[in-house]
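Hello,

Here is the structure I promised to pass on to you. Have a look at it first, and my notes follow below.

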Amino acid sequence: MADHSQPLELETHDASWGKILLIAPVHNHVFDMLEPLTVLSDRLVAVRTSDQLMQELEGTGVLPICILLPWQEDNPRELDELTQTIKRFRKGAGVEVPLLVITNGSAPVPLELKPSGTVSDAIPPDVLLPRIAGLRRLANRAEEARLRRGLFGPLPEYKTEFGPLKSAGLLVAGYGKHFGRTQALLDLPVEIVGGFSSEMTEDYLAARRFEAVLIDMPAWQASEEIERLRADPRYFNLPILAHSIDEESAHLLYSAGATDVLLGDVSDKALTGHIISALRAGRRQRLTDAILTVSSQWLARQANDDTLSEETYRNYLSLLEESTQRRGESIYELNLLELIERFTGSNPQAFAQHQVYWSGTVLSIAMAVCRDEDFVANIEGRGPVAVLRSKKGMEQLSNRVLVMVRTTGLGNG
C-alpha cells in the first residue's frame, strides 16, 4: 500500500482543522509570531489557566489539533499548573493531541511531558504550520497502528519487520564541533560517517535505520544536505537536526526541511533534550510505519484464500469512528464491488461471472492508491472494502476504479 508521504499539501485550510492551543499564562513572543497568520485567525487560542485548558480538551467540542508549549530557561510560575494538566491529560486514555514544545535559547526540553516534537523558536511561521499538520498525521497513523495491533494481534511478520528495528541511535553527519560533544553527553550509540561526504551519509542511512540525524556542517552546506535527504522518499519524515549561528541561517535550514534547528551556543542540557526528543519521535515513527506496512500486507493477502471476519471489521469501524469524531474528522467507506457495479451497469449474470477477477483487480488498485493508514481488505460477506480518512483519497480511488472500468471494457457483457 502506498504511503504517499508527500510534502504537505496538508489540509491547513480545511474546515476539519480545529483549534491550535498556545499555552500562554502570560503574553509571549510565540503568540506575536503566529498572530499575523490569517489562516490562524479563528484557530489560535491562547490558554491562560488550567481550567481553560481542560475545557478545551474535555469539553463537548472537537479536540484541538495541537498544543504549542513555549519553553524558556526561566518560565513564569503560572506555567507549573498548566504543564501538570498537560501531563495528566497525555497519560490518560483517549485520542492523542500532539504536543509541540517551542524552546527559547538554552532552555532544557521538558522531556517528562513526552512531547511529540521539539523546535527552537527560530522556526518561521510558514514552516511551523506544516510541522503541526505533520504531527497530526503522525498521531493519526500511530492510532491506526494501535487499533490494528489490538484487533489482529502480533502478526508473525512483525518479528521479521521489527528485527532490523533495534535502536541504531543518532547519526552525526559532518565534522563540526557537535560530534565529540554529543558522544560525551549521550549514553546512546552514535555512528560517525567516515569522510563525512553526502554519499557516505546516505550509505550509512541505507545500511542502518537511524532514529535521527544531526547535520554537523556550516549552514549553507547543511541546507544542501538536508534538501538532498528530503528528496529521497525514504528520509522524508526522518528527524533531522542542524545548528545555526543566527536566525537568518536558521530560517534557511528550517525551510530546507530541518526538523529542529539549534540556535547559537546552546547548553549541554538543551542539546541533550533536543536530541533525545528527536530520537523518541524517530523511534515511534519507525515502529508505526512497520506495524502499518505489515498489517496492510497481511490485509491484502486476505484476497487470496480468506476474508477478514465481519465482526472484526465492525469492531475496527466502531473504534475508528469514535476517535475520528472526537477530532472532528470523517471516514469514507467504499464497498469496491458495489462501486464497480454502479460504474458498469452490468447485468447480474455477467457481474457474478467476473466477480472474482474484479475483486483482485480492484483490491490491487486500492492498495496502490491508498495510504498505509487507510484500511483496505476483503471482508466476509462484503468483498473488497476501503476505509479512507480523507474525501480527497476517496475521490482518487473512485476515479481510478472508474478509469479501470472504462479502459478494460468491464461490464459490457
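Which residues line the largest cavity? They are L63, P64, I65, E96, P98, R136, A139, N140, R327 and E329. Before going further, please keep in mind that this is a predicted model, and that every value here is computed from it.

**Cavities**

The largest cavity has a volume of about 70 Å³. Its lining divides into five nonpolar residues, one polar residue and four charged ones. In total, the count comes to three cavities of 30 Å³ or more.

**Aromatic pairs**

There are four aromatic pairs in the structure. One of them joins F152 and W298: the ring centres are 5.0 Å apart and the planes stand at 45°, so this pair is tilted. The two partners come from distant parts of the chain, with F152 in helix α4 (residues 125–152) and W298 in helix α10 (residues 268–300), 146 residues apart. F152 is buried, at a relative accessible area of 13%, because buried means under 20%.

Y316 and F375 form another aromatic pair, this one stacked, with 4.1 Å from centre to centre and 20° between the planes. Here too the pair links distant parts of the chain: Y316 sits in helix α11 (residues 310–326) and F375 in strand β12 (residues 375–379), 59 residues apart. Y316 counts as buried at 1% relative accessibility, and F375 counts as buried at 0%.

**Around V385**

V385 belongs to strand β13 (residues 383–388) and is buried, with 1% relative accessibility. Leaving aside residues up to four places away in sequence, V385 touches Y313, E333, L334, N335, L336, F375, V376, A377 and I379. The C-alpha atoms of V385 and V362 are separated by 9.5 Å, and the two residues lie 23 residues apart along the chain.

**Cysteines**

How many disulfides does the structure hold? The number is zero. As a reminder, a disulfide is a covalent bond between the sulfur atoms of two cysteines. Buried cysteines include C66, with a relative accessible area of 0%, and C370, with a relative accessible area of 1%.

Best wishes

Note on methods:
Residues numbered from 1 in each chain as written. Predicted model: local features only at pLDDT ≥ 70, side-chain atom pairs only at ≥ 80, totals over all residues. Heavy atoms only, no water. 1 Å grid on protein atoms, 1.4 Å probe; cavity = no way out; pocket = protein on both sides within 12 Å on 5 of 7 lines; lining within 4 Å. Points joined across faces, edges and corners; volume = space filled by probe spheres on them. Nonpolar A, V, L, I, M, F, W, Y, C, P; charged D, E, K, R; others polar. Disulfide = S-S within 2.5 Å. Buried < 20%, exposed > 50% of the residue type's maximum accessible area, 1.4 Å probe, protein only. Helix = DSSP H or I, 4+ residues; strand = E, 2+ residues; numbered from the N terminus. Contact = heavy atoms within 4.5 Å. Phe/Tyr/Trp six-rings, centres within 6.5 Å; stacked < 30°, edge-to-face > 60°.
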